[in-house]
Amino acid sequence: MSSPVVTQPAAGSYGTNVQTGEWSTGLCSCFSDLLVCAIGCCCPIALSCYTAHKYGENCCLGCLPGGSTAMRTHMRLTYGIEGTIINDALMTFCCGLFEVCRMAREIRIRNGEV
């Protein structure tokens, strides 16, 4: 029997970090994706709607109260990222713009767009 082949991401590339239970980028890593950073600064609601749509949800989710928290929680559970619902609520409430940008980056990275 042959052993399965395990590959590692190349140096400098983004990893999905499912194995480590972490987000692919940090909260303040806005400049790692300038498009997301620019849209997030100019119109965070549009970025939130874009992220919901790319994630497979109705784009209106980004406009609803609590929508970003729900999306962050579901994203964490889908991608195996550690955390709690209270942490999701606090992060979207206290660091909303940064969190919307991080979720958009996560979707773009996992869809291979970055």
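Reader: Is Thr-73 buried or exposed?

Author: A residue is called buried under 20% relative accessible area, exposed over 50%, and partly exposed in between, with a 1.4 Å probe and protein chains only. Thr-73 is buried, because its relative accessible area is 12%. Please note that this is a predicted model, in which local features need pLDDT of at least 70 and side-chain atom pairs count only at pLDDT 80 or more, while totals for chains, interfaces and linings use all residues. Residues are numbered from 1 along each chain as its sequence is written, and side-chain values use heavy atoms, with hydrogens and water left out.

Reader: In which helix does Thr-73 lie, and which residues does Thr-73 touch, not counting those up to four places away in sequence?

Author: Helices are DSSP runs of H or I with at least four residues, numbered from the N terminus. Thr-73 belongs to helix H3, residues 67-79. Contact means heavy atoms within 4.5 Å; beyond the residues up to four places away in sequence, Thr-73 touches Ile-85 and Asp-88.

Reader: How far apart are the end C-alpha atoms of H3?

Author: The expected span of a helix is 1.5 Å times one less than its number of residues. For the 13 residues of H3 this should be 18 Å, and the end C-alpha atoms are 18 Å apart, which agrees. Just after H3, Gly-80 takes a positive phi of about 70°.

Reader: What covers the buried residues of H3?

Author: The cover includes H2, helix H4 (85-94) and H5. Among the buried residues of H3 are Gly-67, Met-71, Met-75 and Tyr-79.

Reader: Which residues make up the largest nonpolar core?

Author: A nonpolar core is a set of buried Ala, Val, Leu, Ile, Met, Phe, Trp, Tyr and Cys residues joined through side-chain atoms within 4.5 Å. The largest here has ten residues: Trp-23, Ala-52, Tyr-55, Leu-61, Met-71, Met-75, Tyr-79, Ile-81, Met-103 and Ile-107. Helix H2 (44-55), H3 and helix H5 (96-110) each supply at least two residues of this core, and H3 gives the most, with three.

Reader: At what angle do H2 and H5 pack?

Author: Axes are lines fitted to C-alpha atoms, for helices over the stretch in contact, and angles run from 0 to 180 degrees between N-to-C directions. H2 and H5 pack at about 35°, with their axes 9 Å apart. The axes of H2 and H3 come within 11 Å and cross at roughly 35°.
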